[in-house]
There are 2 protein chains.
Amino acid sequence: MAVTADMSVSLDLVASGEDQSLEHPFGSRIGQAQAIHAWMFDHPEENAAEIAAITAAGAFIMGRNMFDPGRGDWDLDWRGWWGEDPPYHAPVFVLCSRPREPLVMSGGTTFHFVTDGIEAALERARDAAGDRDVSVAGGPGTLNAFLRAGLLDELRLHIAPLTYGEGLRVFDGVPDLRLVPVSSRTTPHVTHVTWRRAG
Amino acid sequence: MAVTADMSVSLDLVASGEDQSLEHPFGSRIGQAQAIHAWMFDHPEENAAEIAAITAAGAFIMGRNMFDPGRGDWDLDWRGWWGEDPPYHAPVFVLCSRPREPLVMSGGTTFHFVTDGIEAALERARDAAGDRDVSVAGGPGTLNAFLRAGLLDELRLHIAPLTYGEGLRVFDGVPDLRLVPVSSRTTPHVTHVTWRRAG
């Protein structure tokens with residue numbers, strides 16, 4: 001059982017914009033393009049193995065902004081971006097500062113709201129995942145927190161061939177990281193690169 | 001005949017430090033580690049194809065800081081970092097603001113000092129390269145200038161599995177770039193990724 005993370009990034013490692021909102025969940029500039037996610041949504045057949053690996057996890061962890069960007073208090077009518085049957089089909093632990101009751105969706109996804117930090121969320125996700133992996137689903141701030149804490153076993157970046165020039169980047173505030181290259185694969189619209197924890 | 005560029009970078013796309021000097025040509029922090037170049041110097045057998053591709057060019061272009069970092073006027077005794085027989089074995093066009101006579105080295109390398117900008121340097125390098133490629137040898141500022149100007153046909157990054165957290169990065173100041181993924185290869189100490197110009 002490993003702790004993995006998948007993140008779609010631009011060439012300049014931007015994974016989302018800074019001004020996230022309900023209207024523009026990836027930020028106004030990036031939300032208009034969403035080109036870093038095109039490999040998955042527009043070309044699933046070219047990247048079937050990588051998409052299957054993402055959804056194979058037994059539990060997921062995500063940041064509050066990924067579930068519900070740019071808002072303070074909970075809107076209890078908000079049930080996430082993914083409709084009534086989210087693609088996770090597993091427990092999803094949402095890092096947040098305000099408690100909320102678990103939100104049971106169709107297809108096996110339940111959103112749990114965790115207010116006591118990434119290590120507590122990881123412990124709960126490990127318990128839920130059993131023998132399967134725990135996946136850090138994003139966004140970049142959450143991924144960087146896991147990298148800083150040394151809690152990630154495997155990092156998979158999906159590098160779209162474009163730059164934004166601004167936004168929230170993977171590895172921001174993560175100096176002195178050491179990883180080990182594992183694999184890479186280029187498909188017509190993206191470069192998939194995997195590293196694992198060193199030592 | 002293509003215009004190519006090879007650049008060794010960290011995971012966070014740092015290619016050199018900010019405080020370059022003769023004592024620390026990659027900057028004081030990165031100069032101490034030089035870990036982004038270890039794949040080439042410590043593991044040449046694992047990466048022979050990529051090293052051969054770098055040196056196959058018929059002419060090279062480099063920034064002043066790569067030839068002679070952190071100095072204003074020319075010290076005419078300075079003949080580069082590479083000894084009397086530099087690894088280029090071809091004409092090298094050095095972008096600079098002060099004229100200097102060409103510097104003929106052993107083994108086919110001649111340093112030419114170009115004061116009228118990257119397009120003029122590219123024209124001279126193309127003439128010198130004949131049927132062979134022109135390689136933009138670095139540093140990151142020079143590479144970014146070529147990317148901004150749309151003058152690069154093929155970009156090859158060699159991604160070392162570590163972060164620095166500060167320094168001069170590839171793609172800094174290069175928004176709205178669009179490339180096409182070409183290939184990738186992981187060896188035990190580095191990930192080689194190639195893109196080409198879009199369209």
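1. In chain A, ring pairs join A:F60, A:F67, A:W74, A:W82, A:Y88, A:F111 and A:F113 into one cluster. Note that this is a predicted model.

2. In chain B, the charged end of B:R64 sits over the ring of B:W74, at 3.8 Å from its centre. B:W74 has a relative accessible area of 12% and is therefore buried, the cut-off being under 20%.

3. The count of aromatic pairs over all chains is 18. One of them is B:F67 with B:W74: the ring centres are 6.0 Å apart and the planes stand at 75 degrees, so this pair is edge-to-face. B:F67 is buried too, at 0% relative accessibility.

4. Chain B has an open sheet of 9 strands with mixed pairing, in the order β5-β6-β4-β3-β7-β1-β8-β11-β10.

5. B:F60 stands opposite B:V92 of β4(B).

6. Two helices of chain B deserve a look alongside the sheet. Helix α6 (residues 140-148) of chain B packs on the sheet, where it touches β1, β3, β4, β7 and β8 (154-159), and its direction makes about 135 degrees with that of β7(B). Helix α5 (residues 118-129) of chain B lies across β1 (3-9), β3, β4, β6 (110-114) and β7 (134-138), running at about 175 degrees to β4(B).

Note on methods. Residues numbered from 1 in each chain as written. Chains lettered and ligands numbered in written order. Predicted model: local features only at pLDDT ≥ 70, side-chain atom pairs only at ≥ 80, totals over all residues. Heavy atoms only, no water. Pairing = 2+ DSSP bridges. Helix = DSSP H or I, 4+ residues; strand = E, 2+ residues; numbered from the N terminus. Contact = heavy atoms within 4.5 Å. Axes fitted to C-alpha atoms, helices over the stretch in contact; angles between N-to-C directions. Phe/Tyr/Trp six-rings, centres within 6.5 Å; stacked < 30°, edge-to-face > 60°. Buried < 20%, exposed > 50% of the residue type's maximum accessible area, 1.4 Å probe, protein only. Lys NZ or Arg CZ within 6 Å of the ring centre and 35° of its normal.
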